[in-house]
Amino acid sequence: MLQDTWKTRLFRFAHLQAYGQPTQHVTASQSSRTILGRTLYKRKTMTQSSHWLNQIKGEVRSSELMSQHTSLRVGGPADLYILPQDLDDLKLILRNHADTPLFFLGEGSNLLISDQGVRGIVVSLKRGFKNIALPEFFTNKQGKECATLKVGAGVKMSYLAKFAAKYGLTGIENLAGVPGSLGGAIIMNAGAEGTEVGDVIKNVTVLKEDGDLVTYDHNQLVFEYRNTTFPEKPCVIAHAEIELKSGDSAEIQGRIDRYLKRRSQTQPLSLPNSGSVFKNPEGMKAGQLIEQAGLKGYTVGEASVSIKHANFIVNKGVASASDVRAVIEHVQKTVKEQFDVELKTEVIIAGDW
Ligand SMILES: Cc1cc2nc3c(=O)[nH]c(=O)nc-3n(C[C@H](O)[C@H](O)[C@H](O)COP(=O)(O)OP(=O)(O)OC[C@H]3O[C@@H](n4cnc5c(N)ncnc54)[C@H](O)[C@@H]3O)c2cc1C
């Protein structure tokens, strides 16, 4: 019922764009048909204040299943899913969403979204934030040739690493196997093979809650293990500049190939997963603790602790988010009981639980 209401509303917007007819408000009886615990108040707010959606140049979809946008392939529907085309679309969303919650989605490779989905608006930067400007070369203080790359937040790390290699630029190749976007990698300070994304960041441009842009230099940001702290919590990262050194293109590509091969040998990449589920506790490896606890293969529904890598949970078919969460909680409980260690999740648990 809710889906139909949203669809009806979107058709109305499309009609409005085509014919310029005034918006008809949803009636009280329509509004009172709620599922998933959404309140009458929230739906009325969305309906009465959503005329701005007409101005979005990108795409607006209703009831989009998040399982289509997460690497774990789980997650229920988002009330609205918007693919902004450019910065103006993004500003429009920030300035008009009122009290409707926003959630920003990168490649969905570090997310566990509930089966109930996400109330409010999910904004994906997959559409309009994919640009990489040509490198700007310069010589640094040590006399080394370097280059700056301006990169949209929606650019995939794998693409960015290959792009840099093509221009003979080194520094980001270690992250070629991280299946996320630059925006997600910055939020998570993604790391691999001894490199963290923070190591190459020159500055990051974000949109604040009021829709204004602000650029933070590297020294204003705190890059920690799987977390970046901003002077003010950013709403959304729009783009960033990274600084790389000149190197040999073939050698850089060779390193990328080696890293990717190593990943395919050690990680369960043939099944949907969200990478390492737990952060490594200080001085320990989460995967080793889980393996020593005898939890490899532990299964709830269709979600299992991977046999290949104990810090991965794989979706063996049609796992639900609840299955995955039950596995996470069992692993945490067992590791706590056996080793008195609290495993904290690296994967972000989001949505309407
Ligand atoms: C097979 C596999 C291997 C992995 N290997 C690694 C690894 O080696 N190292 C590592 O660190 N991680 C790894 N990961 C985890 C994941 O790829 C990284 O955390 C990645 O950086 C997440 O990026 P994303 O675009 O997918 O973000 P998402 O999962 O979509 O989002 C993650 C968080 O970032 C926020 N976010 C995303 N984009 C933006 C934006 N533009 N503005 C504001 N907030 C934003 C989201 O709201 C969310 O809070 C792996 C995952 C998989 C599936």
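**Group meeting talk: a walk through a predicted model**

Okay, so let's start with the parts list: the protein has nine helices and 19 strands. Keep in mind that what you're looking at is a predicted model. The chain runs to 353 residues, and 39% of them count as buried. Now, if you take the contacts with a separation of 6 or more, 66% of them are between residues 24 or more positions apart.

Let's go to the ligand. How many residues surround the ligand? The count is 32, and the closest are G106, G180, G183, G184 and G275. Sorted by class, that shell has 17 nonpolar residues, 14 polar ones and one charged one. Which element gives the most to the shell? That's helix 6, with five residues. You'll find helix 6 at 182-188, and it's one of the elements supplying at least two shell residues, along with strand 3 (102-105), strand 9 (191-192) and strand 15 (236-246). Domains matter here too: domain 1 (2-124) and domain 2 (136-266) each put at least three residues into the shell.

Next up, some strand pairing. Quick reminder for anyone new: strands of a sheet pair through backbone hydrogen bonds, and they can be parallel or antiparallel. Look at strand 6, residues 136-139, and strand 7, residues 145-152: they run antiparallel and are joined by four bridges.

Three strands make an open sheet here, in the order 16-17-18, with antiparallel pairing. Which strands are at the edges? Those are strand 16 (299-300) and strand 18 (313-315), and each of them pairs on one side only. Strand 17 covers residues 303-305, and two bridges link it to strand 16.

Helix 9 lies across strands 16, 17 and 18, running at about 30° to strand 17.

That's my tour, thanks everyone!

Key: Residues numbered from 1 in each chain as written. Predicted model: local features only at pLDDT ≥ 70, side-chain atom pairs only at ≥ 80, totals over all residues. Pairing = 2+ DSSP bridges. Contact = placed C-beta atoms within 7 Å. Axes fitted to C-alpha atoms, helices over the stretch in contact; angles between N-to-C directions. Near = placed C-beta within 6 Å. Nonpolar A, V, L, I, M, F, W, Y, C, P; charged D, E, K, R; others polar. Domains from an automatic or database assignment. Buried ≥ 20, exposed ≤ 12 C-beta atoms within 10 Å, placed from the backbone.
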